[in-house]
Structure formats: C-alpha cells, structure tokens
Amino acid sequence: MAGAHHKKTGKLAVQAKQLHRELAAFCAFGQETASGFCAPEGSDSMVPVYANEFWTSKQRAGHSLHEISYRACFKPQLPHFFIERLTQPGDCVYDPFMGRGTTLLEAALMGRRSVGCDINPLGAILVAPRLNPPDLEDVRDRLANFDWAAGAALPVDKDLLAFFHPETLRELTFLRDYFIRREADGRIDAVDRWIRMVAVNRLTGHSKGFFSVYTLPPNQSVSVESQRRINEKRAQEPERRNVGELIFRKSKALLKSLLDESLPPMEQARLLTADARQTAELADGSVDLVVTSPPFLNVVDYAQDNWMRGWFCGFDTAALNISVTPKIPVWSQFICDTFRELSRVLKPDGWIAFEVGEVDKGTVKLEEHVIPAAQAAGLCAELVLINEQGFTKTANCWGIDNNRKGTNSNRVVLLHHG
Ligand SMILES: C[S@@+](CC[C@H](N)C(=O)[O-])C[C@H]1O[C@@H](n2cnc3c(N)ncnc32)[C@H](O)[C@@H]1O
C-alpha cells in the first residue's frame, strides 16, 4: 500500500496518521465511513479510500464573499476541510486551477497566505477584488459618479440586443469601455476592480437580478443564436435593468458577512494568469498545501461558457489555451505534467488535495487515473477521500446537464512527495 506504508517522517507522518484515524471514525453527519482500497491499473499500489458525507452545505454557511457563480466550482467546505487539518495560520495554500478562487478566499479567511493561478484572466478578475474588498460606501459613490449616459456615444454590438434591453446595453457598453481604458492607462483601482467583478457576475442569468433577459444560469453563456431561439420559444424580450442598482445590490449581499467578521490582512495573496504547468514565478518548495480541481476531460467548455464575461473584460476566451482533453491518455499526461510542476513548488512536507469527479455517468473514475499520473511525477498517494452529497443547488455548478454528465460526489486524492 503506497499510502499507508510509504516512508514518511515528522509532521507529514503525524498528520497522515491523524487523518486516517479521523476519516475512518468520521460520523459527524450521522453516517459511518465506508472504507476500502483503490488499486488503479498501471499503478504499483493499493490506496486507502474513505467515503462519507465529510462536509455538507448544511454544515455552515460559507462566507458571503464566496457567493459568485463559476462553472464547475467547488464549495468552500472542500478547501476548508483540508486547510483546517493540514495547515497552520501563515502557511501558504495554492490553487493552480483557481477558477473563481474558492480555495484562495477560504485560505485567506482562515489566515493563510493564498496563491492562485488560472490560464483564463477571468480568474484573477474574479478573485483579486474579493481578497481586497472595498467599503460599500465607496462602491455606492463610484457608481453614483459614473457618467452612464456616455455609453450613448459608443458603438454598440447589436447582436447583444438578444440578451439586453437597448438602455441596459448602453450602460454596459459604457462600463466595459471605462474599465478597459482605466486598465490600459494604469488607473484602475480596488473599487473599479470590485465593480467589474460584480458586473461580470451579473451579466446573464435567469432572474431579474441579472442584466439579461431570462437565459441559462449565470455561469454559462449561450450563443447569440441560441438566445434568439430561447427568446422566441418563451416569447420574451429583454426588459430594462438598472445596471448600477443591480451592482450595488449584489455588492451589499457579497459584503454581508463582513458586517460581523472582518477579514484578516490579505495583502500577501499572489495571483498568476498562466498555464498551471509553467509557473516559474513561484519559488521551489514554497507551498504547504495545494487544494485544487483541474478541468475534467472535456466535461466543461470554459471558453464557451465564459465568452460573454470575456467580451465584457475585453478579451476573447476562444483565443485562450484552456485545456480541453477529451481522451484519458492525453488528460493523464496533462495531469502528470501539472504534478511535476506542483512537486517543484511543494515543500518537502507539503500536501496536495486533488479533486476530480465522476464523469460519463460514473463509469470513469478519474481518481484511478490521477494516482498513476502522480506516481509518474514522483508523488505518492496517501488516500482517496470521497465526499458523497445529495443533489443541492450549489452542487449544480454543472448546470442543466448535471444528471447526464455531472457529478454528485467529490473525489479527492491526497498526495505528498514520494
Ligand atoms: C474545475 S475549474 C476550477 C474551479 C475552482 N475550483 C473554483 O472553485 O472556482 C478548472 C479551471 O482550470 C482552468 N484551466 C484550464 N486549463 C488550465 C491550465 N492549463 N492552466 C491553468 N488553468 C487552467 C479553467 O480556466 C478553470 O477555471
């Protein structure tokens, strides 16, 4: 058994022993742990597996700052579980596929130093402002001082009228142009970044809280043609929305938890827009814990789902090199290359919690491919933790296809240096 018998010393050995004991005896939500072993093909080891409901949406409400949508995000309870058990305040927690930054934000809220990377610049746009949130009053003042009418003088992309009322689109065009100019001339500040992050989050959705007419959930943008078909089928036309008002309302909701709980200083957070396999900016042996979830084969089309968000921020998501690997061998190689880089940045006694899901109706268990890929990169699998959860709204980050392509369990392979 690679996990249990691998030679570990010091802190790593103590933490591993405690974790095996805790997982085996876990019963916090009234259900006993099912234990077994996983013996992946092509691997020379049996790895202990523990299955239970280890965290649940009922356990505790996450911090309000987490509440933005992103395709295939995990719940804050997942990184919390590992950060709490495997790190101390001040330790460095890294997510090489940060997405909306659930790991980074949770780590920062727990007084750890956060480092993150995503190949999509949207990652940093969504994460940075929530690691350094402004006062609500400053957001209100900035919104009140915008020259919203200036949008009337700007060219408007008429295709977008399939989503937005002409007035709403003019306001959005003003905001988009403002942020792109502020960014280009280096005058963008924390309040601007916050407003941009909230606006990105309100672009499209299925309620009056979003700028668009009824469409798919906010983490998925359909094409203009599909939206025209949705409008026809539902006999709907985009209604006028007040962009500033909706941004203020969502800002208030996001900042709610800060009324009771102030944030620890987060100035040490570091965000990269890069390929997870090439992160030369990160020093060797600098990370205590990685908590991450890579793209699962081609289950999610991050470029398509985020095209509208990219448009608003001034870049084309289709031009990004977002990893989409439909075949297992190519995916395994991608994961192995990622592990080589993670192994470089990980401290000798550091941990990697690598979350994958079931794909293809549960017929492909990605953890069985993660373990050999990790071993090929010189890492060792300590255990597999399977968190089984009932279907909940937050688990529905797979959107409408959840029952066919998605997952209702988190499968986490816990790794360390071999
Ligand atoms: C499953 S999502 C991560 C979601 C994240 N755990 C959260 O809670 O928001 C995977 C992320 O990997 C990013 N990605 C895809 N290929 C990448 C690569 N080669 N390097 C870095 N990031 C990549 C995607 O843009 C996407 O945001």
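Predicted model: local features only at pLDDT ≥ 70, side-chain atom pairs only at ≥ 80, totals over all residues.

Me: Which domains does the assignment give?

Reply: There's domain 1, covering 2–120 + 261–417, and domain 2, covering 136–254. Their C-alpha centres lie 31 Å apart.

Me: How many residues does the contact take from each domain?

Reply: Domain 1 puts in 19 residues and domain 2 puts in 28 residues.

Me: And what area is buried between domain 1 and domain 2?

Reply: About 2,200 Å², with carbon and sulfur atoms giving 64% of that. On the domain 1 side, Met308, Trp311 and Phe312 supply 36% of the area buried against domain 2, more than any other three residues.

Me: OK, cores now. Which residues have the most contacts inside the largest nonpolar core?

Reply: Leu175, Phe312 and Phe339, in a core of 101 residues. Both domain 1 and domain 2 give residues to this core, so it lies between them.

Me: What is leucine 175 in contact with?

Reply: If you skip neighbours within four places in sequence, leucine 175 touches Phe146, Trp148, Ala199, Val243, Ile247 and Phe312. Apart from that core there's another one of 25 residues, including Phe81 and Met110.

Me: Switching to helix H8. How many of its residues are buried?

Reply: Eleven of the 13, so H8 is largely enclosed by the rest of the structure. Among the buried ones are Trp194, Arg196, Ala199 and Asn201.

Me: What covers those buried residues of H8?

Reply: The cover includes helices H5 (122–131), H6 (136–145), H7 (166–184), H10 (243–254) and H12 (307–313).

Me: What span should H8 have, and how far apart are its ends?

Reply: At 1.5 Å a residue, the 13 residues of H8 (190–202) should span 18 Å, and the end C-alpha atoms are 19 Å apart, which agrees. At the start of H8, a side-chain oxygen of aspartate 189 comes within 3.2 Å of the backbone nitrogen of valine 191.

Me: Last one: where does serine 212 lie?

Reply: In the loop between H8 and helix H9 (224–234).

Me: Is serine 212 buried or exposed?

Reply: Buried, because its relative accessibility is 0%, and the cut-off for buried is under 20%. Leaving out neighbours within four places in sequence, serine 212 is in contact with Phe163, Phe164, Leu203, Thr204, Gly205 and Arg241.

Conventions. Residues numbered from 1 in each chain as written. Heavy atoms only, no water. Core = buried A, V, L, I, M, F, W, Y, C linked by side-chain atoms within 4.5 Å. Buried < 20%, exposed > 50% of the residue type's maximum accessible area, 1.4 Å probe, protein only. Domains from an automatic or database assignment. Contact = heavy atoms within 4.5 Å. Helix = DSSP H or I, 4+ residues; strand = E, 2+ residues; numbered from the N terminus. Expected span 1.5 Å × (residues − 1). Polar contact = N/O pair within 3.5 Å; in protein donor to acceptor, adjacent residues only side chain to side chain. Buried area = accessible area lost by both parts, 1.4 Å probe.
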